[in-house]
4 protein chains.
Amino acid sequence: MSTAKKLKLGLVGGGPGSFIGAIHLNGALMDGMFELVCGAFSSNSAKSKQRGEELMLDPTRVYCSYDEMYEKESQLPEKDRMDVVAIVTPNNVHFDPTAKALKYGFHVALDKPLTLNYQQAKELYHIVKNSDKRFLLTHTYSGYPMIKQARQMVADGVIGKVRKVYVEYPQGWLYKLLETENNKQAEWRTDPARNGLAGCMGDIGTHAFHMAEYVTGEKVSHVCADLYIKIDGRPIDDDGVVLLRFENGASGVLMASQTDTGCENNLKIRVYGEKGGLEWEQELNNSLTVRFPNQPAQIFRAGTGYLGSLAQENTRTPAGHPEGYVEAFANLYRNFARCIYADRAGQKPKWEWEDYPGIEDGIRGMAFIDHVLRSTKSDIKWTPFIVEK
Amino acid sequence: MSTAKKLKLGLVGGGPGSFIGAIHLNGALMDGMFELVCGAFSSNSAKSKQRGEELMLDPTRVYCSYDEMYEKESQLPEKDRMDVVAIVTPNNVHFDPTAKALKYGFHVALDKPLTLNYQQAKELYHIVKNSDKRFLLTHTYSGYPMIKQARQMVADGVIGKVRKVYVEYPQGWLYKLLETENNKQAEWRTDPARNGLAGCMGDIGTHAFHMAEYVTGEKVSHVCADLYIKIDGRPIDDDGVVLLRFENGASGVLMASQTDTGCENNLKIRVYGEKGGLEWEQELNNSLTVRFPNQPAQIFRAGTGYLGSLAQENTRTPAGHPEGYVEAFANLYRNFARCIYADRAGQKPKWEWEDYPGIEDGIRGMAFIDHVLRSTKSDIKWTPFIVEK
Amino acid sequence: MSTAKKLKLGLVGGGPGSFIGAIHLNGALMDGMFELVCGAFSSNSAKSKQRGEELMLDPTRVYCSYDEMYEKESQLPEKDRMDVVAIVTPNNVHFDPTAKALKYGFHVALDKPLTLNYQQAKELYHIVKNSDKRFLLTHTYSGYPMIKQARQMVADGVIGKVRKVYVEYPQGWLYKLLETENNKQAEWRTDPARNGLAGCMGDIGTHAFHMAEYVTGEKVSHVCADLYIKIDGRPIDDDGVVLLRFENGASGVLMASQTDTGCENNLKIRVYGEKGGLEWEQELNNSLTVRFPNQPAQIFRAGTGYLGSLAQENTRTPAGHPEGYVEAFANLYRNFARCIYADRAGQKPKWEWEDYPGIEDGIRGMAFIDHVLRSTKSDIKWTPFIVEK
Amino acid sequence: MSTAKKLKLGLVGGGPGSFIGAIHLNGALMDGMFELVCGAFSSNSAKSKQRGEELMLDPTRVYCSYDEMYEKESQLPEKDRMDVVAIVTPNNVHFDPTAKALKYGFHVALDKPLTLNYQQAKELYHIVKNSDKRFLLTHTYSGYPMIKQARQMVADGVIGKVRKVYVEYPQGWLYKLLETENNKQAEWRTDPARNGLAGCMGDIGTHAFHMAEYVTGEKVSHVCADLYIKIDGRPIDDDGVVLLRFENGASGVLMASQTDTGCENNLKIRVYGEKGGLEWEQELNNSLTVRFPNQPAQIFRAGTGYLGSLAQENTRTPAGHPEGYVEAFANLYRNFARCIYADRAGQKPKWEWEDYPGIEDGIRGMAFIDHVLRSTKSDIKWTPFIVEK
């Protein structure tokens with residue numbers, strides 16, 4: 001035991017001005033299971049160097065490309081070299097660094113969506129499945145303890161057979177052509193070459209889709225999509241709705257927008273079954289409302305002793321001490337690390353630890369993008385949802 | 001002035017066990033502009049008599065049918081006879097008593113939806129248009145002061161051109177086959193012969209549809225509907241979603257359910273425009289959230305001095321003294337009465353008073369039912385929304 | 001039964017510009033148990049006449065003084081004359097019209113606080129106790145269904161022995177010297193001659209005090225008061241706090257202010273006992289939060305079937321159809337009327353109907369004012385609370 | 001720049017089962033400015049060792065006492081040795097390790113309250129003031145971005161002169177004699193020898209007191225305290241209220257309880273001034289409600305661009321991505337680290353960074369404990385609040 005070491009983390013992307021790179025780091029570092037040892041923060045060497053200095057890294061381990069980083073790190077002694085790479089680049093730089101990292105033998109934590117397009121996703125699917133390294137796809141919201149609780153309650157039959165799912169993800173930040181105002185985030189996320197062909201649906205619709213399947217444990221069987229470009233001059237969708245049907249007969253509605261002017265980031269999911277219902281919203285993430293007919297609604301709270309094991313394994317403060325978005329990230333990273341440690345120790349990880357999003361979630365998310373784009377173009381109401389692998 | 005008299009109100013329906021009849025009365029009586037003088041509460045004469053006694057009516061003015069009531073009341077001296085009839089019967093008893101009342105020269109307040117079916121609606125449309133009597137269709141939710149405020153703010157361009165409308169109406173009370181358990185409300189509302197062919201969409205979807213058009217001032221141009229029977233054995237829909245397109249290019253999502261287990265009655269509408277957004281939910285009806293980019297959200301409150309004239313004319317308590325559902329009804333009735341008084345005085349009513357739902361709303365609601373039923377059966381995604389009159 | 005008549009109501013006060021007079025009327029009329037027949041709305045005869053016309057009263061029953069009204073009404077035949085008088089005047093006009101009304105044999109509904117001062121209260125106490133007429137003191141907030149539920153749950157031992165009471169009543173409308181800006185409400189409420197010597201504590205502190213005792217069923221034994229005049233130039237308190245001790249050993253904090261700038265009217269009460277806790281706030285009045293250790297909080301809702309009989313008797317709409325402030329008033333009036341009808345029928349009213357505030361509440365409220373004024377002047381921490389009658 | 005190194009952190013306390021030790025670590029590690037290098041986690045060597053292993057420390061730097069740790073660490077080369085010690089022990093082990101750490105030349109982050117008693121506090125005050133090392137007292141709640149915003153808004157005069165402060169801290173976890181049920185947290189926090197003579201008021205009342213002064217920038221001048229032991233058999237207070245007067249004439253109410261059955265940890269502060277009001281509650285920490293007369297309430301949100309510099313420097317995610325309790329801790333540690341780095345670089349830290357709680361807050365907190373204990377015993381209402389140093 002006393003020989004345990006922190007997992008050595010490298011970063012691909014996350015240069016100056018990046019949003020999600022810094023959050024990945026906050027989440028990975030919080031629990032003391034990772035230490036950042038190296039990074040290829042930007043293809044611009046000055047920027048990569050600058051970020052390395054900000055992060056107080058050894059300058060010799062700050063690289064200008066992931067190719068260089070993988071090559072150099074793999075040559076370091078095992079006790080020093082990177083164990084895990086976190087890839088936090090735009091979507092067009094997901095496939096290649098992931099595929100190569102696995103070949104070099106690094107575990108990979110990749111920001112969503114899986115790849116730039118469905119074709120890449122299908123290819124990466126097999127690469128990941130054939131690798132013996134761990135792969136984490138950071139669908140953040142599945143890291144929240146009360147989402148974990150909801151998932152476990154549905155699985156345990158608490159609300160009965162699921163009949164209905166509402167999931168919505170309203171943002172407003174792209175309510176105007178921010179991409180022409182020197183906003184880096186807006187630029188790449190509205191650029192099909194870097195983001196992929198689905199804008200809002202690719203960026204946040206995939207989160208909503210993941211929530212719907214993750215919480216209910218049910219699989220989508222059909223979609224009816226209606227995507228919009230609300231702002232003239234934008235090349236890809238910034239708003240949309242997708243009607244869902246599930247294999248078990250349930251129906252659903254998925255709404256996502258980046259042009260709901262004034263909205264922040266209130267991902268919300270509601271699930272109703274034969275016996276009861278569950279409601280959660282991200283901006284009030286420490287509560288889960290549970291409803292049964294002819295009874296008072298119950299407000300389940302993070303950090304309490306009455307939660308199931310899945311939530312219990314994904315919290316760190318007692319009730320009334322709010323955890324948030326960074327902790328949701330931290331939960332993904334902590335579970336990922338726990339599994340890597342268990343693997344090394346030759347032990348089976350707890351099922352609660354292995355319940356982090358991975359390649360199966362990733363391929364389904366890319367199939368979702370593909371299907372909603374096709375459905376939007378179609379005059380036929382329903383498009384069967386078939387995941388090719 | 002000193003000759004002004006309360007408006008004399010008669011009731012059709014609202015017998016023992018009725019829900020909405022009692023609420024109509026609470027609303028009509030609250031402001032002292034109506035007095036109940038007669039009723040045909042039930043076709044069962046004992047029940048009608050019982051209800052008349054409960055309401056402390058003169059027994060000679062308690063009738064067993066609206067035909068009898070109209071006939072007898074019309075023979076009374078003008079100073080005594082009924083001025084206004086409120087019709088609060090199941091949907092299959094809307095057309096006939098309304099048509100006849102107008103012919104007898106009574107003003108009519110009718111519960112929604114307009115009629116049992118679209119055919120009746122088109123016929124009634126012309127009867128109402130050709131009458132010189134006032135006609136109120138009680139789309140309750142349009143009586144809430146903060147809905148009035150939202151309507152006026154949109155009309156005034158506060159949020160800019162409307163781009164998106166979400167309206168949802170989740171109920172859970174029909175989560176099981178309550179209609180087989182001796183529940184009167186469930187019985188008639190799930191019976192196509194008394195309710196019409198659209199269940200949930202007819203009962204509450206029409207409210208949601210009315211909200212969408214009333215708040216935005218925009219008209220629906222296309223629908224894509226997906227209705228469900230969630231409970232085996234029920235003959236008509238108890239859940240559904242309708243995608244909307246509006247004539248101005250806005251899009252919308254309308255969700256209604258009576259099988260969202262555990263839900264009460266939280267009608268909610270959100271409207272987003274080029275400049276800002278508005279959010280309202282019925283269970284917190286005294287607040288209206290107003291959003292603009294990069295500014296704190298503002299919580300507009302009923303009863304405050306900064307509201308527009310439309311809200312001001314539809315409230316009676318100062319801020320922090322909550323008004324509710326009965327007051328929303330009362331607002332409809334008070335505006336209706338104010339218009340009748342103005343008519344009698346040969347004065348033009350304030351526009352704010354005339355802003356109550358009527359026959360145009362009614363025919364559109366029946367067209368909505370007709371189109372969502374047709375769209376649900378169709379494999380084609382979009383059905384143009386064309387109101388026949 | 002068929003001879004039942006509506007109770008004939010007369011009003012003292014409530015002239016043009018009155019706030020609470022109109023609310024009393026809304027509440028009294030809503031349920032169809034009262035009809036307004038007469039009024040002495042103002043000592044200014046033009047104003048009284050104007051208000052009578054607005055209310056569509058018979059001009060011969062609009063009076064310029066309650067003396068005249070009582071005298072004339074008492075001479076009318078029983079079937080026509082006023083049964084109940086509602087007194088909605090400033091506090092200096094509470095004692096005399098109440099005392100006289102009872103002597104004339106009218107039932108009295110009186111706005112709170114009971115009288116201008118404690119001396120009057122003690123006198124009125126005996127007049128009311130010695131009268132065979134019904135007396136209602138309109139402590140509005142005790143009419144809310146979820147307050148009724150809280151009271152019943154405490155009485156039933158659901159939260160165990162009460163240990164702690166927090167009650168707060170923050171308003172902000174007197175945040176500046178509004179009484180110098182031609183605001184009628186501010187004028188009389190800050191005038192000791194019309195309002196009494198306790199400003200904020202008399203106006204809303206008495207409501208808070210009533211809530212504390214009404215919900216818990218416990219009696220205050222000691223007070224430690226600290227009243228403030230926050231705005232220079234105001235003669236009486238506009239803010240304050242009172243520490244409470246109860247006879248059962250519980251402690252409490254009562255806060256009331258009319259200078260909490262920006263606040264509306266959010267009376268809030270929280271009660272914690274050995275086994276659990278209850279929380280209610282007026283601006284969200286249809287919910288009652290119930291807490292037990294190591295369990296999810298439960299949100300009890302008005303209009304549901306799981307409530308106790310006391311709440312059930314004080315509601316009129318199903319869950320999710322909000323009732324509000326006017327309905328709280330209506331509940332007081334409906335219970336009052338039900339008791340009068342029961343008395344007339346020689347029947348014992350249901351206990352739930354008789355659970356409206358009356359003279360015992362009134363004398364305690366005036367004792368509260370007296371004690372907090374004395375305690376504020378005292379350097380000694382605790383003042384025993386002893387109600388003289 | 002490239003020579004910057006992470007600050008090396010050692011821990012005193014935080015052994016197995018500790019709550020706050022783990023949170024300090026999460027907060028300190030999150031932003032990558034600290035690395036844990038050593039610890040004296042427990043005086044029990046097996047426990048200290050176990051915790052060291054869990055934290056993957058070098059076993060040679062896991063100690064059994066802070067004396068040993070300070071001695072050994074001070075002998076390490078500067079590049080390796082501990083820079084900062086975080087002391088997270090019960091209150092009776094605050095004074096000595098802090099005083100010694102400063103003498104050894106380590107910066108100190110100390111959990112609140114400052115010391116076991118006022119006498120120690122006065123002594124430590126001078127030790128800290130005479131040291132050239134940085135001292136952080138972790139009054140967590142002052143690290144929340146919206147508390148920072150509130151403080152800056154008050155300082156900027158946005159709400160005008162402060163008139164009123166309500167601060168409350170209701171917990172319920174000690175609603176029964178948990179200290180007899182083998183609960184470590186309850187054991188030491190109810191033990192005067194380890195906790196000090198004020199129970200609830202020392203543990204969480206001091207947080208509330210700090211909030212009141214920190215947000216308003218005003219100083220308390222008088223207290224009137226009423227502390228309770230609600231559970232028989234407990235030696236120190238578990239509930240209480242303190243009336244406050246401030247030097248500027250404002251008044252306040254401070255409520256704290258650990259026996260409000262069912263409550264979690266919802267510290268709440270409300271401040272009202274001549275022009276407006278501010279309201280914040282910890283369980284919804286990402287929002288700050290701002291009220292002005294006759295205007296809609298405004299909901300300021302963490303992570304937005306319209307916040308002041310003090311909030312901006314204390315956040316890491318954009319609006320709608322909730323930060324929580326751990327981030328509040330992280331903000332304290334990040335500001336502390338930024339100041340240490342600035343000191344080393346010979347630069348003046350930004351004022352926003354230096355705005356972390358320290359020795360002046362600590363001595364006032366201990367004076368608060370002393371005064372409320374004395375006031376509780378006194379029959380005189382007001383006790384002047386005089387801080388001895």
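How many residue pairs are in polar contact between chain C and chain D, with both residues at pLDDT 80 or more? The count is 28 residue pairs, a polar contact being a pair of N or O atoms within 3.5 Å, where within protein one must be able to donate a hydrogen and the other to accept it, and residues adjacent in sequence count only if both atoms are side-chain atoms.

This is a predicted model, in which local features need pLDDT of at least 70 and side-chain atom pairs count only at pLDDT 80 or more, while totals for chains, interfaces and linings use all residues. Residues are numbered from 1 along each chain as its sequence is written, chains are lettered from A and ligands numbered from 1 in the order in which they are written, and side-chain values use heavy atoms, with hydrogens and water left out.

The interface of chain C and chain D can be summarised as follows.

| Item | Value |
|---|---|
| Residues of chain C in contact with chain D (heavy atoms within 4.5 Å) | 47 residues |
| Residues of chain D in contact with chain C | 47 residues |
| Salt bridges between chain C and chain D (side-chain nitrogen of Lys or Arg within 4 Å of a carboxyl oxygen of Asp or Glu) | eight salt bridges |

One salt bridge joins C:E168 to D:R270, with the closest N and O atoms 2.6 Å apart.

The area buried between the two chains, that is, the accessible area (1.4 Å probe) that they lose on being put together, summed over both, is about 3,500 Å², and carbon and sulfur atoms give 52% of it. On the side of chain C, the residues that lose the most area to chain D are C:R163, C:T261 and C:K381, together 19% of what that side buries.
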